[in-house]
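The sequence and structure come first, and the description follows.

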Amino acid sequence: MYNPLPKELTLGESEIHDIGLFAKEDIKRGHDFGITHIQLGKELYRTPLGGFINHSDDPNCTKSMFRVSNVDDVLIKSDYKIWKLFSADDIESGDELTLTYTFYKP
């Protein structure tokens, strides 16, 4: 079954901007939340995880890019890039997840 967000996260009203991502449970540093963005050629696509995380100059999360190639078992047959979200600190239940934006400056 498809879940747009990891089980340990929920959407909520953000003091930073509009809607944000919040922890439903305590999360340890280094936790992999999943894919935030996918780049196919020149097109960049944002997942729900990437769409709701808010910017901070002092973030509790970070994202890392990975190259994927030679994938035969999915519709995508060429090289592409993905970005995954990781907790940079321990995050307590109820805390908003934040990230320093790198694709544009807010």
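Six of the eight residues of strand 7 (residues 80-87) are buried, so strand 7 is largely enclosed by the rest of the structure. Here, buried means under 20% relative accessible area, exposed means over 50%, and partly exposed lies in between (1.4 Å probe, protein chains only). Helices (H or I, at least four residues) and strands (E, at least two) are DSSP runs, numbered from the N terminus. The structure is a predicted model, in which local features need pLDDT of at least 70 and side-chain atom pairs count only at pLDDT 80 or more, while totals for chains, interfaces and linings use all residues. Residues are numbered from 1 along each chain as its sequence is written, and side-chain values use heavy atoms, with hydrogens and water left out.

## The aromatic pair

Which property of the ring planes is used to describe a pair of aromatic rings, besides the distance of the centres? The angle of the planes is used. Rings of Phe, Tyr and Trp (its six-membered ring) pair if their centres lie within 6.5 Å; planes under 30 degrees apart count as stacked, over 60 as edge-to-face and the rest as tilted. By this rule the count is one aromatic pair. The ring centres of Phe-66 and Phe-86 are 6.5 Å apart and the planes stand at 55°, so the pair is tilted. Because Phe-66 lies in strand 6 and Phe-86 in strand 7, the pair ties together parts that are 20 residues apart in sequence.

Phe-66 counts as partly exposed, at 35% relative accessibility. Phe-86 is buried, with a relative accessible area of 17%.

## The nonpolar core

The largest nonpolar core has 13 residues, and those with the most contacts inside it are Phe-33, Leu-85 and Leu-97. A nonpolar core is a set of buried Ala, Val, Leu, Ile, Met, Phe, Trp, Tyr and Cys residues joined through side-chain atoms within 4.5 Å.

Leu-85 lies in strand 7 and counts as buried at 0% relative accessibility. Contact means heavy atoms within 4.5 Å. Leaving aside neighbours within four places in sequence, Leu-85 is in contact with residues including Phe-33, Leu-49, Ile-53, Cys-61, Leu-97 and Leu-99. The C-alpha atoms of Leu-85 and Leu-99 are separated by 8.8 Å, and these residues are 14 apart along the chain. Not counting residues up to four places away in sequence, Leu-97 touches several residues, among them Leu-9, Leu-21, Phe-33, Ile-53, Asn-60 and Leu-85.

## Asn-60, a buried loop residue

Asn-60 is found in the loop between strand 5 (54-55) and strand 6, and at 12% relative accessibility it counts as buried. A polar contact is a pair of N or O atoms within 3.5 Å; within protein, one must be able to donate a hydrogen and the other to accept it, and residues adjacent in sequence count only if both atoms are side-chain atoms. A polar side-chain atom of Asn-60 lies 2.9 Å from the backbone oxygen of Glu-96. The side chain of Asn-60 also reaches the backbone nitrogen of Thr-98, at 2.8 Å.

## The hairpin of strands 1 and 2

Strand 1 (residues 9-13) and strand 2 (residues 19-23) run antiparallel and are joined by five bridges. Gly-12 stands opposite Gly-20 in strand 2. The hairpin has five residues between the strands.

Most residues other than glycine have a negative phi. Asp-18 is not a glycine, yet has a positive phi of about 50°. Asp-18 is placed in the loop between strand 1 and strand 2 and counts as exposed, at 54% relative accessibility.

## The chain as a whole

The protein chain has one helix and eight strands, which follow the pattern β-β-β-β-α-β-β-β-β along the sequence. Of its 106 residues, 37% count as buried. Among contacts between residues at least 6 apart in sequence, 64% join residues at least 24 apart.

Note on methods: Pairing = 2+ DSSP bridges.
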